[in-house]
Amino acid sequence: MFEALGLNMGLDTVIVSAIAGACTLSFAASVYLFYRAKPQPEAKELDDIVQNAPYHRLHNILKIKA
Amino acid sequence: MTPLPEFERRPATALVAMANALSMGDAIPDRDLTRIIQAVVSSRAERAALLAAVRAANDPDSGLTVADLLTAYAAEAGEGEARERDSDQVLGQWAQRLAAGALLASFGAAIAGTVTGGAAFGLTLLSFSGFIFSTAARLGSRSRMRVKAQEREAAETLARHVLEAAKSAGGED
């Protein structure tokens, strides 16, 4: 097979490499999907943000316990 | 006139404070704002506290700003959901199909005797594990899609309710 192209491959080599290539593509796509899923690292803790929110802007609008 | 209730420092009041600070021109880091909105939207207690805070606020505009922030967050979540769905349909489905096709092809080659012995076994194992891997990846991506859809809906509903609450803001007068 493929002698016209100057390649000297048997049918089994072609089939094995085609299947291995398909599997590689499939793995690559799955790895990409998993890689996308990684959550962004949190910059700060939620408690930190809550404690340091600009409560002084609520002056006269809402009473916040100090 | 009854004295105004005092509110604790919690995500819901932090969100109202941030909305007011934004409308007064202060800069708030986007990530902090998103984090707070996420915390408020995903918790029933915080949702209730937010509605109570908006109703008790003396300024009806603060409710409007909060509702707008929530709507913007809902749009963002919808965008994330669409992106997730795209990558699932473009990559996930085809990764699964490719692996399933490779599995069938390696079975066929083994049965026909074109590929024999260790190579046939290795190919079957490789394509089978590829199928399982891509299925797991798709499952994860679909569950993230569902989470985003839920966040979007929750934020939209909350924004509507906050608008309603803002109409009766400063309820005692």
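This is a predicted model: local features need pLDDT of at least 70, side-chain atom pairs count only at pLDDT 80 or more; totals for chains, interfaces and linings use all residues.
User: Which residue of chain B forms a salt bridge with Arg36(A)?

Analyst: Across the interface of chain B and chain A, the rule finds one salt bridge. The cut-off is 4 Å between a side-chain nitrogen of Lys or Arg and a carboxyl oxygen of Asp or Glu. For Arg36(A), the closest N and O atoms are 3.4 Å apart, and the partner is Glu84(B).

User: Which helix of chain B gives the largest share of the side that touches chain A?

Analyst: Several elements of chain B each supply at least two residues to that side, including strand S1 (6–7), helix H4 (60–112) and helix H5 (117–167). The largest share amounts to 13 residues, and the helix that provides them is H4(B).

User: By class, how many nonpolar residues does the side of chain B that touches chain A have?

Analyst: Let's start with contacts: 53 residues of chain B are in contact with 39 residues of chain A. On the chain B side, twelve residues are polar and twelve are charged. The nonpolar residues there number 29.

User: How much area do chain B and chain A bury between them?

Analyst: In chain B, the residues that lose the most area to chain A are Arg9(B), Arg35(B) and Phe133(B), together 17% of what that side buries. Of the area buried by the two chains, 72% is on carbon and sulfur atoms. The total comes to about 4,200 Å².

User: Which residue in S1(B) stands opposite Ile64(A)?

Analyst: Chain A has two helices and one strand, in the pattern α-α-β along the sequence. Opposite Ile64(A) stands Phe7(B).

User: Is Asp88(B) buried or exposed?

Analyst: Asp88(B) lies in helix H4 of chain B. Leaving out residues up to four places away in sequence, Asp88(B) touches Gln93(B), Arg138(B), Ser141(B), Arg142(B) and Met145(B). Its relative accessible area is 1%, and the cut-off is under 20%, so Asp88(B) counts as buried.

User: And what percentage of the residues in chain A are buried?

Analyst: The same cut-off, under 20% relative accessible area, applies here. Chain A has 66 residues, and the buried ones make up 26%.

Definitions and conventions
Residues are numbered from 1 along each chain as its sequence is written. Chains are lettered from A and ligands numbered from 1 in the order in which they are written. Side-chain values use heavy atoms; hydrogens and water are left out. Contact means heavy atoms within 4.5 Å. Buried area is the accessible area (1.4 Å probe) that two parts lose on being put together, summed over both. Helices (H or I, at least four residues) and strands (E, at least two) are DSSP runs, numbered from the N terminus. Ala, Val, Leu, Ile, Met, Phe, Trp, Tyr, Cys and Pro count as nonpolar, Asp, Glu, Lys and Arg as charged, and the others, Gly among them, as polar. Two strands pair if DSSP finds at least two bridges between them. Buried means under 20% relative accessible area, exposed over 50%, partly exposed in between (1.4 Å probe, protein chains only).
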